[in-house]
Amino acid sequence: MLEVEHIHVYYGVIPALLDVSLSVDEGQIVALVGANGAGKSTTLKTIAGVIRPREGQIRFQDRDITRLGADRRVRLGIALVPEGRQIFSTLSVKENLVLGAYHRRDQEVKKDLEWIYNLFPILRERMHQVAGTMSGGEQQMLAFGRALMSRPKLLLLDEPSLGLAPLVVRDIYEVIQKIREAGITIFLVEQNVNMAMRVADYMYVMEAGQLKMEGVPQEVMRDEDIKRAYLGG
Amino acid sequence: MFTGTYIAQQLLNGLVLGSMYALLALGMTVVYGILRLINFAHGALVTAGAFTFFGIYMLLGWPFPLALAASLLVGGVLGYLLDLVGYRKLRGGPEVALLITSLGIYILLENLIKLLATPQPYAFRPPAFLGQLQNVGGVAFRTVDVFIVVVSVLIMIAFALFVKRTKLGIAMRATAESVEAAKLVGINVNQVVAVAFVLGSAVAAITGFMWGAKYGQISYDMGFMAGVKAFVAIVIGGIGSIPGAMIGGFVLGLVETLAVGFLPPGFAEYRDAIVFVLLILVLLLKPTGIMGRKEAV
Amino acid sequence: MQRWASLPGDVKFLISVGVLFLALFVANCTLNRYVLHVITLIGIYSIATTSLNLTNGYTGLFSLGHAGFMAVGAYVTTLLTFPVRLRIAYNLPLLPPFLGGPNYHWPFLPALIAGGLVAAVAALLVGAPVLRLRGHYLSVASLGFMVIITTLAKGLKDLTRGAAGIQAIPRYTNIWWVYAWLVVTIYVIWRLLNSSYGRAMLAIRESEIAAQSQGIHPMRYKLLSFVIGAFFAGIAGGLYAHFARSIRPYEFSFSMTFLIVIMLIIGGAGTLLGPVVGTAIVVALKYVLKPVEEGLGVYGLVEIVYALMLIGVMLWRPEGIVGGVNPLRFLFPKKGGRRNAGVPHGEAHGP
């Protein structure tokens, strides 16, 4: 479904990603793990269209999207839940969610809104509350819900567990499973390798802007170096 | 000397002036909220609107509603062109670049109008029904004053509804908060910005008509102070807040009128200076304005 | 060429000045009065533009109030030098005892310097509150002060003759005065930039926060640059008054400010000679186009051309004609930090 081919991304003159290639098949949950600053967020942002690569190509459903802007990609079915959530803090929860479906022309927006409220009951409770007044975990759920409102085919999650209490993290990952069951492909980026391992069908490991390793989680975790670096031996 | 009637008279004048400032501030803040651009050219749109009406109604003799519509149309189109040709390329760049460019565009438009009209001011004769004198309890006003206040309030209500209830309006508020997040939900930012320009400019144009109708005279340079005062109104009301802009406009109109009305006669010329003293006071004492939202000043 | 480049800066400067004055001498002898008139005017405006460059181009404070300081300088200088017998005829005040008494008027140079100093003091008073602001708040606030100053000039009729302005000012200004002051202005700014003060100013321009973390107190340097800029603006104002022989408050308002800004941007803010080049082009253009404007009855043509040039420069060559690195990129980093800064296009421009 998604093919990232040999992309190079630079911040000015500083290289952020060097010759990164990966792919995500439909229906999968794929995880990209690595330490802080490895380039995981940059990868997601490049796929989402927030950053343009200097070299390389990105293909989505056999279509070259490398030159497309972020809003075009949303319309094609790619949605990003960004690091730092980036919800509209001056708008209400409901307004935020409705905006998620901004580009949709179909009639099923109300139905999807119901589905989101079922996935995240707390959002139903706070429907008219101004988003900026909610807690971090609630905002994360809102960002999640908003991305889902666009009926994405591919959902990009940037560090979904970052800064959240363990119980909340568990809830989030339960939702991730439910979303996969609904037929949405997921590509997530995580520092929390444990959680990622539990849901992912396939894993990539990134270090300093380059891919170090890839494979099925069990295989990847068997590697001694990886175990030491990420699981503390 | 300061009788009840006098005070009421000043309040009314302040209200009328305030309505016009509120409209101008509204038109300006819609764009400012998204682009952080003080559009000095906004003032030129006021002039353009006034002259368009003048041309269509007084020179061509077309009916009043048509002339108003023409004014709105010219304003909207000009606004769209400004965005497309002038500002789009500079978006995402340093703010001061936009400011300088908007100054350049203002000078361009002002002098184009000066060139096409003449440097002399024109007598502005709106439809007779607007000129009718009324008198309520000793306070004198004309129909045009009522027209201005009523139409302004209607426009503001319409705008509030647009921004609260329609998808596009909500999208505009969202884009004003974060352009990047807006893109992430699939909002076509160019489209939203264009709408903001068109709406804001159309409102500016109609305000030009109002201004001419109220003061009976239009000239090629009438727009500049209007544009700058619109920014002052936005600051007073609170940058980034649409209701704030409107409130700021009313406050500014009232303060300016009351100050001139109650200070000794020699101070009438100081009206512009008073506006800026108010601005500087607000910036120093309460930079976030009345409806203040946080923004680094 | 290499030998030239290897000379110490001061020597290069002196030689350039020498060449300049030689050229002026030749021009003075050979060119007709009209052209000399234009050259003198270019010099006067160059002082204004160069001083604005210090505040706007090098320190990154986009002030729109420069014309106000020129007005201060113009009026102060004029009031000091105005011949005694004319004062009575024109209803202007006589000098108080501590300034020389009712039978005295000042010679040109001290009056000029006084004008500059008063402008500098005004800048100090204006700058203290205004320079705390950033970006376009600063611009509009400084514009506001200019309005306040011109309004005062109109309002304090006993002192300034109000809107009617002052005429019959003695013509003291000539090409030598002007270019001598221009050399002084450029020299002072050049020296300032190459000192620790200058480096601090540039640091503030690039990032005030970063500068603060280096122990630089922004306010001190911003004020310094603002005040020095105002001083020379005052000088320019005084020179202007004694050249045009008449001043009115109206002349020192928006149009003059825009004019100077246009000259600065077109020439190249943030470079030493950019302002002079920009000024020369703009002034020369005016003298070429004015006859066309009047001949064809197309009033406003000159300003339209200026505006088009400004817009053109902003869209396609923001560093101006002389400019190197685009200083505007540093004038104001995007407000709100993360908002748009994280949207790199093409290649990511760093945070």
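**View 1. Helices α3 and α12 of chain C pack together at about 165°, with their axes 8 Å apart.** Here α3 covers residues 33–58 and α12 covers residues 218–244; helices are DSSP runs (H or I, at least four residues), numbered from the N terminus. Axes are lines fitted to C-alpha atoms over the stretch in contact, and angles run from 0 to 180 degrees between N-to-C directions. That angle makes α3(C) roughly antiparallel to α12(C), a label used for angles over 145 degrees. On the α3(C) side, the meeting residues include C:Ile44, C:Ala48 and C:Leu52; on the α12(C) side, look for C:Phe232, C:Ala236 and C:Tyr240, among others. "In contact" is for C-beta atoms, placed from the backbone, that lie within 7 Å. The residues of this contact split into 14 nonpolar, five polar and no charged (nonpolar: Ala, Val, Leu, Ile, Met, Phe, Trp, Tyr, Cys and Pro; charged: Asp, Glu, Lys and Arg; polar: the others, Gly among them).

This is a predicted model: local features need pLDDT of at least 70, side-chain atom pairs count only at pLDDT 80 or more, and totals for chains, interfaces and linings use all residues. Residues are numbered from 1 along each chain as its sequence is written, while chains are lettered from A and ligands numbered from 1 in the order in which they are written.

**View 2. B:Val189 sits in helix α9 (residues 189–215) of chain B.** B:Val189 touches B:Thr175, B:Val179, B:Ala182 and B:Lys183, leaving aside residues up to four places away in sequence. B:Val189 counts as partly exposed because 19 other C-beta atoms lie within 10 Å (20 or more would be buried, 12 or fewer exposed).

Conventions:
Helix = DSSP H or I, 4+ residues; strand = E, 2+ residues; numbered from the N terminus. Parallel < 35°, antiparallel > 145°, perpendicular 65-115°, else oblique. Contact = placed C-beta atoms within 7 Å.
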